[in-house]
Amino acid sequence: MRTHIFLMLLVAGALCSVQPAQAHHAFAAEYDVTKPLTLNGIITKVDWENPHSWIYMDVKDPKGAVKHWTIETAAPSQMSRYGLKKADFVEGMTATVKGYQGKKDPVLANGRTLILKDGRSFYIGSVGGPNDGAMPH
Amino acid sequence: MNSVIDPNVDVVWNAVRTVIDHGKPIEHAPANDEEWAAVRHSALTVAEGANLLMMPGRAVAPPGAGSLSPGIELAPDQVRALIDKNPSGWNQFARSLQESLLPAIDAIDKKDSQALFEAGDKIDEVCESCHQIFWYPAPGALASSAPAR
């Protein structure tokens with residue numbers, strides 16, 4: 001019985017876990033350019049993968065509650081061209097992400113700029129984002 | 001696109017990736033002949049799927065399908081109209097998609113996970129470039145090129 005309950009919880013957890021939408025859509029279909037945001041928090045996980053990577057970040061809201069944000073970024077190769085390496089992501093790192101909020105998911109964002117605790121700043125915007133000056137010339 | 005190319009190119013893209021969990025990198029790549037063969041199957045399916053894209057007059061979506069994001073992403077009949085207006089441009093993107101798969105297939109045959117990872121970027125470039133013309137063109141381009149609905 002204990003095994004059955006465990007399996008049921010496992011399946012339920014898998015069904016309920018938040019999965020980012022696949023990235024093959026227009027930027028404006030998934031993100032709201034009228035809702036720019038700045039997230040300060042702790043990066044807990046990164047999926048360094050094609051065609052877009054994902055940063056998972058714990059961010060405290062104004063009431064102090066921790067929200068688990070999912071942030072879409074550019075492809076790894078593009079971020080590498082702007083200097084960001086996967087080795088830059090270390091345990092417990094705090095960071096700031098500037099980007100735009102998702103239209104349907106309130107804790108989904110598209111990242112444009114990643115600023116690490118040491119002050120280094122990286123362009124992480126995916127193709128099709130707004131012309132907001134985030135991309136370095 | 002949704003049934004053949006998209007799910008199979010996801011297999012190619014996701015075959016090699018790194019999950020960095022609390023600073024600890026966990027590398028993922030095909031680990032045996034069977035897994036490499038599965039990725040190769042998907043890569044070839046995408047490349048051959050591009051031939052289907054080039055079939056004249058072929059429906060771009062099942063009957064009744066609409067835009068997933070009206071006003072931002074075109075409906076299938078609008079996409080079809082753009083293809084009919086510029087078939088050579090469409091076919092060039094389809095051939096570019098095929099060509100973008102070649103480095104991936106070469107990497108798979110060599111079981112070179114890093115090369116496969118890097119090949120994924122080029123595939124995405126082709127996809128995005130085509131999407132920006134035939135699926136979600138800029139608003140100005142949409143107004144001038146999309147047919148009346």
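How many bridges join strand β1 (residues 31-48) of chain A to β1(B)? Four bridges do, and the two strands run antiparallel. This is a predicted model, in which local features need pLDDT of at least 70, side-chain atom pairs count only at pLDDT 80 or more, and totals for chains, interfaces and linings use all residues. Residues are numbered from 1 along each chain as its sequence is written, while chains are lettered from A and ligands numbered from 1 in the order in which they are written.

**Where the chains meet**

- The contact (C-beta atoms, placed from the backbone, within 7 Å) takes 22 residues from chain A and 23 residues from chain B.
- On the side of chain B that touches chain A, α1 (5-14), β1 (17-21) and α5 (113-134) each supply at least two residues; helices (H or I, at least four residues) and strands (E, at least two) are DSSP runs, numbered from the N terminus.
- The largest share of that side, eight residues, comes from α5(B).

**Across the two chains**

- Strands count as paired if DSSP finds at least two bridges between them.
- In β1(B), D21(B) stands opposite K45(A).

**Strands within chain A**

- β1(A) pairs with strand β2 (residues 54-60) of chain A in the antiparallel sense, over six bridges.
- M57(A) in β2(A) stands opposite I43(A).
- Five residues form the hairpin link from β1(A) to β2(A).
- β2(A) is also joined to strand β3 (residues 66-72) of chain A, by seven bridges, and these strands run antiparallel.
- In β3(A), V66(A) stands opposite K60(A).
- The hairpin of β2(A) and β3(A) has five residues between the strands, and G64(A) there takes a positive phi near 95°.

Key:
Contact = placed C-beta atoms within 7 Å.
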